[in-house]
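Good morning, colleagues. Please have a look at the structure first.

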Amino acid sequence: MNLDKQLIDQVRQIFASLLHTYTIHVSCDTASEHGKESISFYTDFSSASDKIGLEVSAANSDKCLATIMRDGTPTGISFRGIPGGHEFSSLLLAILNADGQGRTLPDKATMDRISRISGELSVTVYMSLDCTNCPDVVQAFNQMALCNDRISVETVNGQWYQPELEALGVKSVPTVYVNGELLWVGKGSMGELIDKLEEKYGTDSSASAEAPQHFDLLVLGAGPAAASAAIYSARKGLDVAVVAQRVGGQVNETQGIENVISVTQTTGEKLAHDLRSHMEQSGARIFESRTITEADLKGEIKRIVTKSGEIFEAPRVVIATGARWRKLGVEGENDYIGHGVGFCVHCDGPFFKGKDVAVVGGGNSGVEAAIDLANICNHVDLFEFLDTLKADTVLQDKLHSLPNVTVHLSSAVTKIEGDGKSVTGIEVRDRESGEAKRYNLQGVFVQIGLLPNSDLFATQVATARGEILIDAFCHTDVPGVYAAGDVTNVPYKQIIVAMGEGAKAALAAFDDKLRY
């Protein structure tokens, strides 16, 4: 595989400011097709900077492994198979981050937390070059390797090593193994991945307690509603802290966005990037990769505590924590997530090429998923709990035109079955006749909506069906606490609506500050 001259020139500009010297050591069967591709790729890549050298060693193995060294010392980062496609950015950032550059570097508190993770951890990340969620997970673990020399990371191009994935039963990416044991499947933020490592391997707890950090306003979450609240508040001159797992929230999982007024087309990734840039330019301080574990909102000063022990305090709080994918909650679902049960068709659909799959959910997301899968799968069964589909008419028309899609209404999925490694079928009950039927298939994509991320605040503010109750000004029933976006009972869970609600919450908070 060769890199074109224009791309090499772009890489040359990116690496113009490198301070250290790097060596990419490629170990492969130099006579094999994959070996030749790897050597060609890294030869072109290393030509982009005189700070990057290339060493090739012949190996009697089908594993083409490229290891990155900095000033002659291993960084703990390696790639098996060419990191092209979406993963090319992971290769670029591996070197930039090793050099102390790149906007994606974790802040000091997060770096300290990573450095305290216990054990010698050998991480393997299986990814696909077509996966839009994979780079976030790959880059997060690469950054962990740079912060903790007891962590090493090998990113594997799944397309090159299909037999290995099949032997492990991997049918979803990204899939992460640590020391040979399954750790994680699917999308994940830096904070979520750190949480999981700490939970499984422990952490050095000798660090001293954090002193509280004081602000004028805390914004919890970093999606469209949170970003809007933060920007409006910072523009009013307030000292604003945005505390969240990941900037963008659910937006990061959206491919194309065409209904943000005046922006005819964008992507979730770009919108998340733009939200971050706007918040930073406004003066809001972003504390990303944080998991909030405690919230005391009743007093005059509101207090938030994160899993790492950081404490944030302010007289006012905007809760904009968004929502998450809703699960079926049936037997077998959790057992086969990443092994036949998935939520992202764009990432995991290619693993089911030529196979039979099910989509559960008849709203827009479910019907769109079925349409996408029909292009690559042998057959798609769509199951809807109600007696009618809820998707837009244009989507339903397209769905019904496809010869390899069968729609089942009034159908309740009651069980997901498998052979211990992957899904082999599902059990469905007809809600009208009561008859149960088994469908033989290899994949199940769950598309049944979202759940508000309000669990932590359920005892602090009034909720209904998990949604935080607000008035027309985004007030909750607790003075000084506001809420906005998908976590609330506001109708229509749309990006543009969330942005407006975030602005309302910020303006209400500022107005209350002046009046009370």
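Let me begin with helix α8, residues 224-235, and helix α9, residues 268-282, which pack at an angle of about 20° with their axes 9 Å apart. Axes here are lines fitted to C-alpha atoms over the stretch in contact, with angles from 0 to 180 degrees between N-to-C directions. Helices are DSSP runs of H or I with at least four residues, strands are runs of E with at least two, and both are numbered from the N terminus. This is a predicted model, in which local features need pLDDT of at least 70, side-chain atom pairs count only at pLDDT 80 or more, and totals for chains, interfaces and linings use all residues. Residues are numbered from 1 along each chain as its sequence is written, and side-chain values use heavy atoms, without hydrogens and water.

The two helices, α8 and α9, are therefore roughly parallel, a term for angles under 35 degrees. In contact, meaning heavy atoms within 4.5 Å, Pro224, Ala227, Ala230, Ile231 and Ala234 of α8 meet Leu275, His278, Met279 and Ser282 of α9.

I turn now to the backbone. Val173 and Pro174 are joined by a cis peptide bond, with omega about -5°; Pro174 sits in the loop between α6 (162-168) and β7 (175-178).

Asp71, not a glycine, has a positive phi of about 50°, and it lies in the loop between β3 (65-70) and β4 (73-80). Tyr492, also not a glycine, has a positive phi of about 70°, in the loop between β31 (481-483) and α13 (495-515).

Key:
Parallel < 35°, antiparallel > 145°, perpendicular 65-115°, else oblique.
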